[in-house]
Every structure is written in C-alpha cells, then in structure tokens.
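Two packed helices are described by the angle between their axes and the distance between the axes.

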Amino acid sequence: MGREEIHLFSITGKYIRKLAQRGRGPEDVYQIWGYCVDEDAACLYLAEAQQVIDVIDLKEGKMLRKMPLQMGSPRALLLDKDGMLTYIALSRVKGNNQSAVCRMAPDGIFLGTIVSSVSHALAGEKYYLGATDHKVYCKLGLNDTLYTLQDSIGIPQYRMIATESYSDETGKGHLVDVAFGNKDFWILADVEIEVKKVGSIQAAPKHYAGYYAFHKGNAKLKKIVGFYIDPLDVSLKNYFPLRVSGKKAYWNMNVGDFRRQLEKKTDSPLVADSLKNLYYSLAENDNPLVLVGDMKQ
C-alpha cells in the first residue's frame, strides 16, 4: 500500500497486527514519510505528510497521540543519540521550497532548526538523515555538504559534489544521493561524483555514474558492482537494501525474483535450508518478501 500502512511482525516473520492505515479517522494516517522506534518505551513514531508526528504503542497497537509540527512537512525521522526526535521538514518560504533539519522532544516540544537549505523539485527527495558510529548525519536538497549534528548545530563533514552539478536555471545536472552509511563507509548512488573532506584540499578521483562506497578513513571512492547475499549465494547488481539499521540489512524483494535466484540452487550447500523451504512454500502472489540479514564488509 505504498506509504499508507504500517504492519508489525515478530523477529521470526510472524504477522502480529496492523499499526496504521490511511483514512480520515482520529487514529488514521494520511501519508507516511518516515518512522523510528523507541525500543525502551516500546513506541513507534510516524512522520505524516500533513505536518504531524504520530506516536503508536507497539505492545497494544494503539495511537497514543498526534504531535503537530511548527514547521514543514516531515520526511526522514530519527530518534537521535540524545533521545530527541530529529526530522527533515520540507516547507514553502517566501515563494521558495526549503528543507530543514529540526529537533523535537519526545513530548512534542519544538527545540529548533539545526541546518536549513533552499530546495527545488529535483532535490525534493535527495535528503539523508541517519546515525552511524554514535553520530547523527544529514544532507539536504541541493546542498552538497554532509553534516554531523552536535547539540543544536550542524558541523560540515564532507562535500559530496556531482561533477556536473544540478543547475536550477537549466534544469539539468546531477545530485549526490546518500543511500546509507556504516562505521567505515558511505554508500553513494546514481551520479558522477567526487568527495572532499571539509577543510582539506585533497579530493577523491572523479568517477562515473553508478553506486560507490566512500571510505571514511582514506577518502577513497570505490565503485560497487553488487551486493553478495550469503544465505542466497547470489550477487545482486544495482540492487540495494531497503533499509540498513545498525548491522542489519533489510531487502525488499519481488517473490518472482527471489524464486528465480534460487531455482538452480536448491541443492547448493551454500544456500540456507530455511530459504530453500521458503522457496517451495511461496506462490507468485505472496508479495512482498523482506529478507533480513547481517551486514558485512
């Protein structure tokens, strides 16, 4: 159902309940653009397009409250290292689109804006908000800088530059899309890019369109041919995880694609028995299929 429903499953894949659905009722949602989980409080935060963050009890599946936002329509949403909600808001200011990183207390109190940037239609979805190695990072719209968030300020960390950067005048060019990061790498997508450490004159060599791993330690870019999934004994080209959380990766696969990957490997000792059993039990209309695994180097 796209961005209109949220469902809860156990760690073993057993369906538990529906947590949110689109509608006009007091506990319904309009369109979901981001979410995060407070494991200690066992609650789910949902960022709605209509300037609202919903709080849902994971144990009972009940809507606890809706918290209106003071600015913008929220997109990415994160429970940050300080226990506060950090979100990216898109808004219309004096005739221009604008994106901003904002902080909010879990009880709904607005704490202020950290980083803001002029945004454009092309840049509307080119944002990043994530946490790795106990730090929070963000990148906004046409801004080429990846920031580290510290208290109430954003500290420039890396410049991620498309060699043919987007021009609002011509409507042409490219933007660097940060897919996700871990303690060693940033995974960058889709454009010809170079990366510079802020404050340094050293630049990574230029590369052409594709997917790249940018190593944080030595500032080198390497093109990614594909991801190897151990339990499937398969390498997938241009096929990225739906989400990376800590050391876990979540792959959203079409059942037909999954079955085609396994159809010649059901006798392979490298393929997990649980996936072989899944192969035989699935029908073509059992979509979607989500694989959860450990993220390795």
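## Crossing of the helices

In this predicted model, helix α1 spans residues 255-262 and helix α2 spans residues 273-281. Their axes come within 10 Å and cross at roughly 120°. Angles of 65 to 115 degrees count as roughly perpendicular and those over 145 as roughly antiparallel, so α1 and α2 are oblique to each other. The crossing of α1 past α2 is left-handed.

The contact is formed by F258, R259 and L262 on α1, and by L275, K276, L278 and Y279 on α2. By class, five of the contact residues are nonpolar and two are charged, with no polar residue.

## Buried side of α1

V255, G256, F258 and L262 are the buried residues of α1. They lie on the same side of α1, because the arc they cover around the axis is only 160°. The cover over these buried residues includes β23 (248-253), α2 and β24. Of them, F258 and L262 also take part in the contact with α2.

In α2 the buried residues are L275, K276 and Y279. Their arc around the axis is only 105°, which puts them on the same side of α2. Among the elements covering them are α1 and β24 (289-294).

The face of α2 turned away from this buried side carries exposed residues: D273, S274, N277, Y280 and S281.

How values were computed: Residues are numbered from 1 along each chain as its sequence is written. This is a predicted model: local features need pLDDT of at least 70, side-chain atom pairs count only at pLDDT 80 or more; totals for chains, interfaces and linings use all residues. Side-chain values use heavy atoms; hydrogens and water are left out. Axes are lines fitted to C-alpha atoms, for helices over the stretch in contact, and angles run from 0 to 180 degrees between N-to-C directions. Helices (H or I, at least four residues) and strands (E, at least two) are DSSP runs, numbered from the N terminus. Angles under 35 degrees count as roughly parallel, over 145 as roughly antiparallel, 65 to 115 as roughly perpendicular and the rest as oblique. A crossing is left-handed if the near helix is turned anticlockwise from the far one by less than a right angle, and right-handed if clockwise. Contact means heavy atoms within 4.5 Å. Ala, Val, Leu, Ile, Met, Phe, Trp, Tyr, Cys and Pro count as nonpolar, Asp, Glu, Lys and Arg as charged, and the others, Gly among them, as polar. Buried means under 20% relative accessible area, exposed over 50%, partly exposed in between (1.4 Å probe, protein chains only). The arc is that of the directions from the helix axis to the C-beta atoms.
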